[in-house]
Every structure is written in C-alpha cells, then in structure tokens.
Amino acid sequence: MAIRLENVGIAVRDLDATIAFFTDLGLELVGRDEVSGEWTDTAVGLDGNHARIAMLQTPDGSGRLELFEYLDGLAIETQPTLPNEIGMHRVAFSVDDIDEALAIAARHGCHPLRGVAEYEDLYKLTYVRGPSGIIVMLAQELKRDAR
C-alpha cells in the first residue's frame, strides 16, 4: 500500500489572522471554503459542524496545512499545548533565514518560547507560539565550514 502525508489539520480561533501569519512566513494559500452538512458530520465525526477552511502549502508543494475555524459554537477553547505534553506537538518548517522568520512572527505578536538554540553546527532552531497557541518550530540549516 502506498501512503503519503496529505496535510496537518489545525483548528484555529481566527482563520484570517492565522492565514496571514503562515502566508507571511512563506506558505501559499491554495484555497478557501465554507463547509457543513451530512458529509462533514460523517467525515469529522461531529454532528452539526460548520466551518471556514483554508488550505496552505509550502512553495515546493511538499507540505500542507489545513486550517479550520468552527462557525457553529462547537469549538472548545483549550490551553495551548506545552512542549512536553502528549498529543499533537508542533508543526515545523525549514527556513533560509531564521532572523527574518522571527521578525515576521513578531509582527504577528508571536515570539520564541525561550530563544534561538544552535544544535551542534547543523541548525539554528526555535519554537514560536503562533496564532491560537500553535507551536511552530523554525529551523535554519547552517552551512558547514569546508574542512
């Protein structure tokens, strides 16, 4: 059986603000829709759901996020996930310039949980608390010195 990752779905408080955050980071908006009805109730396993959705992808098309904002009062507010909690943890992106990515995130009021770390001489990386409390990992691959 062949398998590939289609997308990661994330429920958000404010779809437009979350789209703005991820498109400013460099993702591309593929499409938007509003969905409801029997087919969504069956697929999601939640009766009466009504949501605005958006699909975003990386410029190379290798990764997608499906964002959705419930319009029917079914959304349940929870505390943002902590890095050590079991369950959905984070979404990670490789970036060419971590400082530029952090400046973009800051314009959206999103800042590193602690700071920027360097893993050996391979990566600079950080976790940012994004819209709706989403943890977003940003990683910049470092150029190895010619030896």
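Helix 3 is followed by Gly-109, whose phi is positive, near 75 degrees; helices here are DSSP runs of H or I with at least four residues, strands are runs of E with at least two, and both are numbered from the N terminus. The structure is a predicted model, in which local features need pLDDT of at least 70 and side-chain atom pairs count only at pLDDT 80 or more, while totals for chains, interfaces and linings use all residues. Residues are numbered from 1 along each chain as its sequence is written, and side-chain values use heavy atoms, with hydrogens and water left out.

At the start of helix 3, a side-chain oxygen of Asp-97 comes to within 3.0 Å of the backbone nitrogen of Asp-99. Further along, Ile-98, Ala-101, Leu-102, Ile-104 and Ala-105 of helix 3 are buried (buried means under 20% relative accessible area, exposed over 50% and partly exposed in between, with a 1.4 Å probe and protein chains only). These residues cover an arc of only 160 degrees around the axis, which puts them on the same side of helix 3; the arc is taken from the directions that run from the helix axis to the C-beta atoms. An α-helix has 3.6 residues a turn, so residues three or four places apart point the same way. The exposed residues Asp-99 and Arg-107 sit on the face turned away from the buried side of helix 3. Helix 1, strand 7 (123-129) and strand 8 are among the elements that cover the buried residues.

Of its 25 residues, Phe-22, Leu-65, Leu-67, Phe-93, Val-136 and Leu-138 touch the most other members. Leaving aside neighbours within four places in sequence, Leu-67 has contacts (heavy atoms within 4.5 Å) that include Ile-10, Val-12, Leu-15, Phe-22, Ile-53 and Leu-56.

Which aromatic residues form a cluster through ring pairs? Phe-21, Phe-22 and Phe-93 do, where rings of Phe, Tyr and Trp (its six-membered ring) pair if their centres lie within 6.5 Å, with planes under 30 degrees apart counted as stacked, over 60 as edge-to-face and the rest as tilted. The whole structure holds 3 aromatic pairs. The rings of Phe-22 and Phe-93 have centres 6.1 Å apart and planes at 55 degrees, so this pair is tilted. Phe-22 in helix 1 and Phe-93 in strand 5 are 71 residues apart, and both are buried. For Phe-68 and Tyr-70, the ring centres are 5.6 Å apart and the planes stand at 80 degrees, so the pair is edge-to-face.

A search of the whole structure also finds 5 salt bridges (a side-chain nitrogen of Lys or Arg within 4 Å of a carboxyl oxygen of Asp or Glu). Arg-13 and Glu-77 meet in one of them at 2.6 Å, N to O. Arg-13 lies in the loop between strand 1 (8-11) and helix 1 and Glu-77 in the loop between strand 4 and strand 5, so the pair ties together parts that are 64 residues apart in sequence. Another salt bridge joins Asp-16 and Arg-32 (2.7 Å, N to O), linking helix 1 with strand 2 (residues 28-36). Through shared partners, Asp-16, Arg-32, Arg-52 and Glu-69 form one salt-bridge network.

Conventions. A nonpolar core is a set of buried Ala, Val, Leu, Ile, Met, Phe, Trp, Tyr and Cys residues joined through side-chain atoms within 4.5 Å. A polar contact is a pair of N or O atoms within 3.5 Å; within protein, one must be able to donate a hydrogen and the other to accept it, and residues adjacent in sequence count only if both atoms are side-chain atoms.
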